[in-house]
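Here is a short report on one protein model.

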Amino acid sequence: MTSPSPARQLADHVRRVLGDGPFRLPGGWFHMGAVICDASFQARTRYVSTLRPRLLRLQEEWPDAVTVRGFRDRLATHDLAVAMDFRSPGKVAKAHDITDLLVAEGVDTREDLHAWIARPAGRTALRAVKGVGPKSVDYMGNLVGRSQVAVDVHLRAFAADAGVPQLGYGQLRAAYEEAAALLGHEPGALEHAVWRAGAGLDAAWAISFGSCSVEVSRGREEGFHREVEGCRALEGDHVGRRGEPLAPGTGNGSGDGLSV
């Protein structure tokens with residue numbers, strides 16, 4: 001008897017665990033300073049309680065950093081570690097290096113990066129930045145509205161639970177893309193749904209405070225009160241999910257790339 005392919009194993013496991021969807025595509029940020037900092041600071045960081053509030057504050061306090069050049073100008077006169085309240089010299093250096101690369105490549109807006117990062121030359125150039133691997137490149141693409149699979153620890157754990165053998169990054173990404181095609185989902189939407197499940201955010205409910213909402217996973221209260229207080233403090237801003245933007249013309253128009 002022929003064993004099912006990794007893609008079929010993933011597709012079957014998605015149906016068992018997550019159902020048939022529909023799954024929403026993450027949309028990302030419109031504020032390029034937030035895009036760069038999200039991609040630079042997210043590794044091994046608590047996204048909801050640690051990184052998201054800092055990114056929202058950055059786009060509010062640095063509105064001119066909506067373009068890469070505007071962000072570069074801010075970096076020339078301000079300390080990013082202070083602005084982000086994040087003491088990680090390596091991550092700060094990565095944000096500077098990505099910014100310098102994008103300026104050199106003529107990438108200034110979300111639309112510019114959306115197109116540039118899809119080109120092999122763009123991906124290769126990003127990979128040459130210290131600390132940027134294939135997952136960071138795919139993740140950054142999703143932050144500007146592409147539909148990609150960024151394989152992280154949650155996607156690997158989900159694949160292991162599905163019975164998929166250990167695969168390299170590119171092989172597992174391809175398996176997820178094929179699984180998405182088998183199920184009729186966008187790759188980025190399937191990736192986002194699996195990420196939510198792995199992060200403990202499936203079967204979540206929304207608790208709203210004015211225009212602000214926080215999603216809290218059932219049975220996982222750690223950080224709950226911290227999130228609620230953060231949400232109250234940000235009332236009037238749209239606080240949503242990693243990779244889900246503010247619609248142009250609402251709020252500050254910068255997006256709020258959360259994937260919660």
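At 15% relative accessibility, glutamine 9 counts as buried. Buried means under 20% relative accessible area, exposed over 50%, and partly exposed in between, with a 1.4 Å probe and protein chains only. Glutamine 9 sits in helix 1. Helices are DSSP runs of H or I with at least four residues, strands are runs of E with at least two, and both are numbered from the N terminus. Setting aside residues up to four places away in sequence, glutamine 9 touches Pro4, Ala162, Gly163, Val164 and Pro165. Contact here means heavy atoms within 4.5 Å.

## Basis of the model

This is a predicted model: local features need pLDDT of at least 70, side-chain atom pairs count only at pLDDT 80 or more, and totals for chains, interfaces and linings use all residues. Residues are numbered from 1 along each chain as its sequence is written, and side-chain values use heavy atoms, with hydrogens and water left out.

## The chain overall

The protein chain has 13 helices and two strands. Of its 260 residues, 52% are buried. Take the contacts between residues at least 6 apart in sequence: 64% of them join residues at least 24 apart.

## Helix 1 against helix 11

Helix 1 packs on helix 11 (residues 169-183) at an angle of about 55°, and the axes are 8 Å apart. Axes are lines fitted to C-alpha atoms, for helices over the stretch in contact, and angles run from 0 to 180 degrees between N-to-C directions. The two helices are therefore oblique to each other. Angles under 35 degrees count as roughly parallel, over 145 as roughly antiparallel, 65 to 115 as roughly perpendicular, and the rest as oblique.

The crossing of helix 1 and helix 11 is right-handed. A crossing is right-handed if the near helix is turned clockwise from the far one by less than a right angle, and left-handed if anticlockwise. Helix 1 contributes Pro6, Ala7, Arg8, Leu10, Ala11, Val14 and Arg15, and helix 11 contributes Leu172, Ala175, Tyr176, Glu178, Ala179, Leu182 and Leu183. By class, this contact of helix 1 with helix 11 has eleven nonpolar, no polar and three charged residues. Ala, Val, Leu, Ile, Met, Phe, Trp, Tyr, Cys and Pro count as nonpolar, Asp, Glu, Lys and Arg as charged, and the others, Gly among them, as polar.

Helix 8 (residues 120-127) and helix 9 (residues 134-143) have axes that come within 9 Å and cross at roughly 125°. Helix 8 and helix 9 are therefore oblique to each other. Their crossing is right-handed. Arg123, Leu126 and Arg127 of helix 8 meet Pro134, Val137, Asp138 and Met140 of helix 9. That contact has four nonpolar, no polar and three charged residues.

Helix 10 (residues 153-161) and helix 12 (residues 187-198) pack at about 85°, with axes 8 Å apart. Helix 10 and helix 12 are therefore roughly perpendicular to each other. On helix 10, His154, Leu155 and Phe158 meet Glu191, Val194, Trp195 and Gly198 on helix 12. By class, the count is four nonpolar, two polar and one charged.

## The nonpolar core

In soluble globular proteins, nonpolar side chains tend to be buried together. The largest nonpolar core here has 67 residues. Such a core is a set of buried Ala, Val, Leu, Ile, Met, Phe, Trp, Tyr and Cys residues joined through side-chain atoms within 4.5 Å. Leu10, Leu80, Leu113, Met140 and Tyr176 have the most contacts inside it. Beyond neighbours within four places in sequence, leucine 80 is in contact with Cys37, Phe41, Trp62, Phe71, Leu75, Val92, Ala95 and His96.

Leucine 58 is in helix 3. At 1% relative accessibility, leucine 58 counts as buried. Leucine 58 and alanine 34 are 24 residues apart in sequence and 7.0 Å apart in space, C-alpha to C-alpha. Leaving out neighbours within four places, leucine 58 is in contact with His31, Gly33, Ala34, Cys37, Phe71, Ala83 and Met84.

## Backbone in the loops

The peptide bond from glycine 21 to proline 22 is cis, with omega near 5°. Proline 22 is in the loop between helix 1 (6-18) and helix 2 (32-41).

Arginine 44 is not a glycine, yet has a positive phi of about 55°. Arginine 44 lies in the loop between helix 2 and helix 3 (47-61). At 80% relative accessibility, arginine 44 counts as exposed. Aspartate 85, also not a glycine, has a positive phi of about 50°. Aspartate 85 lies in the loop between helix 5 (80-84) and helix 6 (89-104). With a relative accessible area of 42%, aspartate 85 is partly exposed.
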